[in-house]
Amino acid sequence: MQLSEARPVSTMTALVLGAVLLILQPQIVPSHPVNSPKVEAPSEAGQKELFRKGSLKSDFQDSPPLNGSSQRLPQTIIIGVRKGGTRALLEMLSLHPGIAAAESEVHYFDWEDHYGNGLEWYLSQMPFSFPHQLTVEKTPAYFTSSKVPERVYNMNQSIRLLLILRDPSERVLSDYTQVFYNHVQKHKPYPSIEEFLIKDGELNVEYKAINRSLYYFHMQNWLRYFPLDHIHIVDGDQLIRDPFPEIEKVERFLKLSPQINASNFYFNKTKGFYCLRDSGRDRCLHESKGRAHPQVDPKLLNKLHEYFHEPNKKFFELVGRTFDWH
């Protein structure tokens, strides 16, 4: 009789104990979401389409701002020139703690759909920065777009502009090389450079890559709105050969304290150009930079050099300095 009365007590105790243990047991959280669909990053073409619609932003823009930081319109813009070394210049300048650089080429002033979004949209594309930092944006197409100087002037008349230039003939070859490899990666055929440079037996001056190298023509447009002392010209050829002196000049132009030094640069023999060293971490430009140019008939190259000779002379007179170009 005593045993039969004890059974309900034991059962009740077990149930209570089990409930307590269930409550106290830690929840097991899987390291990866369970049955979550795989989301693939958009392709490069897809990213550009999203960017055009203004719906693609970098991770840092979705993150909460650091204490005291905010997004600011750029105080400095790298306006060009395409294939002149703008990416290298931005990467080197970013070594300075006083620089906050936009990650992507924003194309605000030259793309109508972006410009139509207004300054609030442009501001949203900028990185978070502290009051002591300069915000920098880079879009190489600005230099050769006739409508951009006035638009930049209307935003900020005192903005400081950086322009990096290379030998015009070499820039044409780099321009072609970039487009050629873009087609190769997509397994699409692309004409030889001679087919672009020659038309009816003469130099094809309508080729867009040649027009982009007419620095005198484009510089005149910028000087209608900005004084020369607001535009610092970086020697792109010298930046490749010996980057530190050129970056020192940029620091002075932007009124930055001298923080970048020669130890931040080292020559990579494998790649054939200088790479960066920052806080013990080495990094080089993307493999798409520094590609070999196509072989061009020397006679055709001479035609290219002759064509640029007079515009180059006018450019030197316009800016009051010379460059070691053909």
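**Helix packing, sheets and cores in a predicted model**

Helix 4 and helix 13 sit roughly perpendicular to each other, a label that covers angles of 65 to 115 degrees, with under 35 counted as roughly parallel, over 145 as roughly antiparallel and the rest as oblique. The structure is a predicted model, so to speak of local features takes a pLDDT of at least 70 and side-chain atom pairs count only at pLDDT 80 or more, while totals for chains, interfaces and linings use all residues. Residues are numbered from 1 along each chain as its sequence is written, and side-chain values use heavy atoms, with hydrogens and water left out.

Back to the helix pair. Helix 4 (residues 86-93) and helix 13 pack at an angle of about 70°, with axes 11 Å apart. Axes here are lines fitted to C-alpha atoms, for helices over the stretch in contact, and angles run from 0 to 180 degrees between N-to-C directions. Helices (H or I, at least four residues) and strands (E, at least two) are DSSP runs, numbered from the N terminus. On the helix 4 side the contact (heavy atoms within 4.5 Å) is made by Leu89, Met92 and Leu93, and on the helix 13 side by Pro243, Ile247 and Val250. By class, that gives six nonpolar, no polar and no charged residues; Ala, Val, Leu, Ile, Met, Phe, Trp, Tyr, Cys and Pro count as nonpolar, Asp, Glu, Lys and Arg as charged, and the others, Gly among them, as polar.

Helix 4 is mostly covered, with six of its eight residues buried. Buried means under 20% relative accessible area, exposed means over 50%, and partly exposed lies in between (1.4 Å probe, protein chains only). The buried residues of helix 4 are Thr86, Ala88, Leu89, Leu90, Met92 and Leu93. Over in helix 13 (residues 243-253) there is glutamate 246, which is buried at a relative accessible area of 3%. Leaving aside neighbours within four places in sequence, glutamate 246 is in contact with Val234, Asp235, Gln238 and Leu239.

Strand 9 pairs with strand 6 in the parallel sense over five bridges, where pairing takes at least two DSSP bridges between two strands.

Now for the cores. A nonpolar core is a set of buried Ala, Val, Leu, Ile, Met, Phe, Trp, Tyr and Cys residues joined through side-chain atoms within 4.5 Å. The largest one has 30 residues, and Ile77, Trp222 and Phe315 touch the most other members. The elements giving two or more residues to this core are strand 2 (76-80), helix 6 (119-124), helix 7 (148-155), strand 6 (160-165), helix 11 (215-223), strand 9 (231-235) and helix 14. Tryptophan 222, leaving aside its neighbours within four places in sequence, is in contact with Ile79, Tyr142, Phe143, Val148, Pro149, Val152, Leu161 and Ile231. Apart from this core lies another, of 23 residues, among them Leu162, Ile247, Val250 and Phe253.

Helix 14 (residues 298-319) also packs with helix 8 (residues 168-185): their axes come within 9 Å and cross at roughly 125°. That makes helix 8 oblique to helix 14. Helix 8 brings Pro168, Ser169, Val172 and Leu173 to the contact, and helix 14 brings Leu301, Leu304, His305, Phe308 and Asn312. These residues divide into six nonpolar, three polar and no charged.

Finally, there is an open sheet of three strands in the order 10-11-12, with antiparallel pairing. Strand 10 (265-268) and strand 12 (281-283) stand at the edges with a single partner strand each, so one side of each lacks a neighbour in the sheet. The twist averages 35° from one strand to the next. Strand 10 and strand 11 (residues 273-278) pair over four bridges, with phenylalanine 265 opposite leucine 276 and asparagine 268 opposite phenylalanine 273. Their hairpin has four residues between the strands, and in it glycine 272 takes a positive phi near 85°. Strand 11 is joined to strand 12 by three bridges, and leucine 276 stands opposite arginine 283 in strand 12. This second hairpin has two residues between the strands, with serine 279 at a positive phi near 55°.
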